[in-house]
Amino acid sequence: MPLIYCSECGKQISDSATACPNCGKPSEKVVRDKAGKQVAGWIIVGLGIGFDFFVYSQPPVEAGHPNEQKLAALRLFGYVVGLVIIAVGCWVANSSKEHS
Ligand SMILES: [Zn+2]
């Protein structure tokens, strides 16, 4: 396993180490992974919000429409799906903070 130099204290550390054993600075890879996870999480949150807006922008169901109840249920389901996507995005974005 190759050795790299810690950018904080300059000591040689394994490139597979998640943090420098000398000063505790997280490795570049871990920092990159965290940033990537956070970006991915926020993209998912954005998709969820976009999805909810899409559902919201649908024209309201006319009263007396033969599928009124079905469409109302579908719209509610759409909101829930959007909220679940947002929740998953928040979870992904925050999951990177657990091991710090
Ligand atoms: Zn160090």
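**From one residue to the whole chain**

Tutor: Let's start with Q12. Leaving out residues up to four places away in sequence, Q12 touches L3 and Y5. Keep in mind that this is a predicted model.

Student: Which element does Q12 lie in?

Tutor: Strand β2. That strand covers residues 12–14.

Student: Is Q12 buried or exposed?

Tutor: Q12 is exposed, because it has 11 other C-beta atoms within 10 Å and the cut-off for exposed is 12 or fewer.

Student: And how far apart in space are Q12 and P2?

Tutor: Their C-alpha atoms are 9.8 Å apart. In sequence, ten residues separate Q12 and P2.

Student: OK, new residue. Where is C20 found?

Tutor: C20 sits in the loop between β2 and α1.

Student: Buried or exposed, that C20?

Tutor: C20 is buried, because 21 C-beta neighbours lie inside 10 Å. Buried takes 20 or more.

Student: What is C20 in contact with?

Tutor: Setting aside neighbours within four places in sequence, its contacts are C6, E8, C9, K11, I13 and K25. The C-alpha atoms of C20 and Y5 are separated by 9.3 Å, with the two residues 15 apart along the chain.

Student: Let's switch to the helices. Where is V31 found?

Tutor: In helix α1. V31 is partly exposed, because it has 13 other C-beta atoms within 10 Å.

Student: How far apart are the C-alpha atoms of V31 and I86?

Tutor: They are separated by 24 Å. Along the chain, V31 and I86 are 55 residues apart.

Student: How do α1 and α2 cross?

Tutor: Helix α1 is residues 28–57 and helix α2 is residues 68–95. Their axes come within 7 Å and cross at roughly 170°. So α1 is roughly antiparallel to α2, as the cut-off for that is over 145 degrees.

Student: Is the crossing left-handed or right-handed?

Tutor: Left-handed, where α1 passes α2.

Student: What kinds of residues make the contact of α1 with α2?

Tutor: The contact has 16 nonpolar residues, seven polar and three charged.

Student: Now zoom out. How many helices and strands does the chain have?

Tutor: Two helices and two strands. Starting from the N terminus, the order is β-β-α-α.

Student: What does the chain span along its principal axes?

Tutor: The C-alpha trace spans about 75 × 20 × 15 Å. The radius of gyration is 23 Å, whereas a compact globule of 100 residues would have one near 13 Å.

Student: What share of the residues count as buried?

Tutor: 4% of the 100 residues. C20 counts as buried.

Student: Last one. What share of contacts join residues at least 24 apart?

Tutor: 47%, among contacts between residues at least 6 apart in sequence.

Terms used
Residues are numbered from 1 along each chain as its sequence is written. This is a predicted model: local features need pLDDT of at least 70, side-chain atom pairs count only at pLDDT 80 or more; totals for chains, interfaces and linings use all residues. Axes are lines fitted to C-alpha atoms, for helices over the stretch in contact, and angles run from 0 to 180 degrees between N-to-C directions. Helices (H or I, at least four residues) and strands (E, at least two) are DSSP runs, numbered from the N terminus. Angles under 35 degrees count as roughly parallel, over 145 as roughly antiparallel, 65 to 115 as roughly perpendicular and the rest as oblique. A crossing is left-handed if the near helix is turned anticlockwise from the far one by less than a right angle, and right-handed if clockwise. Ala, Val, Leu, Ile, Met, Phe, Trp, Tyr, Cys and Pro count as nonpolar, Asp, Glu, Lys and Arg as charged, and the others, Gly among them, as polar. The radius of gyration is taken over C-alpha atoms; the globule rule is 2.2 Å times the number of residues to the power 0.38. Two residues are in contact if their C-beta atoms, placed from the backbone, lie within 7 Å.
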